[in-house]
Amino acid sequence: MAKLINRKRFFYLICLLLSIITLICDNITYGFNIEPLPSTSINNPNNYSVWNSSNYFGYSLALRRSVNGIVRAVIGSPKERQPITGYQGFAPTIKPQATERSGPGAIYNCPFSFPSVSPSCTRTSPLKLTNDSKIIEDRESLGLSLSLQSGTDVVTVCAPLRMLECTYSYLTHGTCGNSNNFGETWATNPQGGISTTKCQTLDLIFLIDGSGSVNEKDQGNFNRVKEWVKTVTSSFDISSSTDVGVIQYSHAFRNRSLDMQPYITTEVSLGKYHTLTAFNEAVDNISYHSFTTFTAHAINKTVLDFMSGSRYSDKSNQKVMILLTDGRSSDSQDLAASAAYARSLGITIFAVGVADFVREELEIITGSNDRIFTQSDFDQLNQVVGSLQLSISGVLEGGAKKNSSNLLRQSETGFATAMSES
């Protein structure tokens, strides 16, 4: 019995010693790891507390300690915005309404030093650009991504949801900005900035058949064609983003150059008119030719008119030809070569066949059945207007031409960033 009691005492003694050792070790560890400096917190300095209750202040952060002991912080607040009263625009659902918590975002510089615990933050706008009225800043999420190159003062911040409000579409390309002095000054990143993406523009030329067969059955058919041209044009912004021209064609003299053909004529020069009123008046004044149907020669003439346009070499400019005909071409032996040459230059050709059109020729002209529209009579031309307008808009979005690209127009540049030492 005595031995059993001694064993219990020995066991209790061992447990007591272990507890003392653990307590001593814990105290040593606690004292070794805790730095005796006050903690600090950085609050959003923006006064619009109601509007910025969900602004994601601190979503991105970069810290750098300078030689004088000051800690510098660059902080992203990607949903920050000030209250607005709504807006009027091309598509109001794109921009946030007055009650939404979405916003352009913000970047703050917040230097502080210990033992100070109340940093003073200054708001900066590294990507604020005022020279492009098409920029939508309300949803760009500035500060959604932020990165610091190790061992340097090089900071990159991005606004991946920056949009351009174009006439025919919205482009979400995003943009980034760089700072070589930890946020004191900023420069737009040329690899993902606003300069690399802009709204698409359109050069649109109508090539209308003025041969004798157009008015053969009804003297009002050519006037219907002119009304149709005006209707199609009405959905495009000819004040800025779209230049429109009209060519009428019928007979060609084989021994004359294209600029000396009296019956293949530029009725409305590309981009001459920038109001629908002036354009419509010019179309009304077009006089009917009659005679034959030299379609291949007319396509060659149209190519020259495109080349004379001021935006011909601009990669953001699309070139569209709308050819309307009611019969077989008089120079069919040249048709395939002329049409192929035009398409090789990036010109998208739509063909509208009316009455006695030849389907095989329309396929040769367009190179695709998707760009052919047909009607049995001229008084039914307006039935193809909506589909044709939609197809042309598809060209502007990069979807109506084979092997075409939308040039990263929805790329959201800067959604994520990372930097490393070179």
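## Briefing: a predicted protein chain

Arg 254 is exposed, with a relative accessible area of 52%. That value passes the cut-off, because exposed means over 50%. The model is predicted. Its protein chain holds seven helices and 17 strands. Of its 422 residues, 45% count as buried.

**The chain as a whole**

- The protein chain exposes about 21,700 Å². Carbon and sulfur atoms supply 52% of that area.
- Take the contacts in the chain with a separation of 6 or more: residues 24 or more positions apart account for 69% of them.

**Salt bridges**

- How many salt bridges does the count come to? The count is 11 salt bridges.
- Arg 254 lies in the loop between β13 and β14 (264-268), and Asp 334 lies in the loop between β15 and α5, so the pair ties together parts that are 80 residues apart in sequence.
- Asp 334 counts as partly exposed, at 27% relative accessibility.
- Arg 311 forms a salt bridge with Asp 243. The closest N and O atoms of this pair are 3.5 Å apart. Arg 311 sits in the loop between α4 (295-307) and β15 (317-325), while Asp 243 sits in strand β13 (residues 242-249), so parts 68 residues apart in sequence are tied together.
- Are Arg 311 and Asp 243 buried or exposed? Arg 311 counts as buried, at 15% relative accessibility. Asp 243 is buried too, with a relative accessible area of 10%. Both labels follow because buried means under 20%.
- Arg 359 and Glu 363 meet through their side chains in a salt bridge, at 3.6 Å from N to O. These two residues are four residues apart in helix α6 (residues 359-366), so about one helical turn separates them.
- Arg 359 is partly exposed, with a relative accessible area of 33%. Glu 363 also counts as partly exposed, at 34%.
- Some salt bridges share partners: Arg 64, Arg 72 and Asp 153 are joined this way into one network.

**Aromatic rings**

- A pair of aromatic rings is described by two things: the distance of the centres and the angle of the planes.
- The count comes to seven aromatic pairs. In one of the pairs, Phe 206 and Trp 228 have ring centres 6.0 Å apart and planes at 80°, so the pair is edge-to-face.
- This pair links distant parts of the chain. Phe 206 belongs to strand β12 (residues 201-209), and Trp 228 belongs to helix α2 (residues 221-233), 22 residues apart.
- Are Phe 206 and Trp 228 buried or exposed? Phe 206 and Trp 228 are buried.
- Phe 253, Tyr 263 and Phe 291 form a cluster linked by ring pairs.

**Charges over rings**

- Phe 253 also has a charge over its ring: the charged end of Arg 256 sits there, 4.4 Å from the ring centre.
- Which residue lies over the face of Tyr 312? Lys 319 does, at 5.1 Å from the ring centre.

- Ala 62 lies in strand β1 (residues 60-65). Ala 62 is buried, with a relative accessible area of 4%.
- Which residues does Ala 62 contact, leaving aside its neighbours within four places in sequence? They are Arg 72, Ala 73, Val 74, Leu 146, Leu 148 and Phe 182.
- Leu 148 is 86 residues from Ala 62 along the chain. Yet the C-alpha atoms of these two residues are separated by 6.2 Å.
- Arg 72, one of the contacts of Ala 62, is also part of the salt-bridge network with Arg 64 and Asp 153.

**A nonpolar surface patch**

- Which residues make the nonpolar surface patch of about 270 Å²? Leu 304, Met 307 and Tyr 341 make it.
- Tyr 341 has its place in helix α5 (residues 335-344). Tyr 341 is partly exposed, with a relative accessible area of 42%.

Conventions: Residues numbered from 1 in each chain as written. Predicted model: local features only at pLDDT ≥ 70, side-chain atom pairs only at ≥ 80, totals over all residues. Heavy atoms only, no water. Patch = residues over 30% accessible without salt bridge, like charges linked within 9 Å, V, L, I, M, F, W, Y side chains within 5 Å. Areas by Shrake-Rupley, 256 points an atom, 1.4 Å probe, with all protein chains shown as cover. Salt bridge = Lys/Arg side-chain N within 4 Å of Asp/Glu carboxyl O. Buried < 20%, exposed > 50% of the residue type's maximum accessible area, 1.4 Å probe, protein only. Contact = heavy atoms within 4.5 Å. Phe/Tyr/Trp six-rings, centres within 6.5 Å; stacked < 30°, edge-to-face > 60°. Lys NZ or Arg CZ within 6 Å of the ring centre and 35° of its normal.
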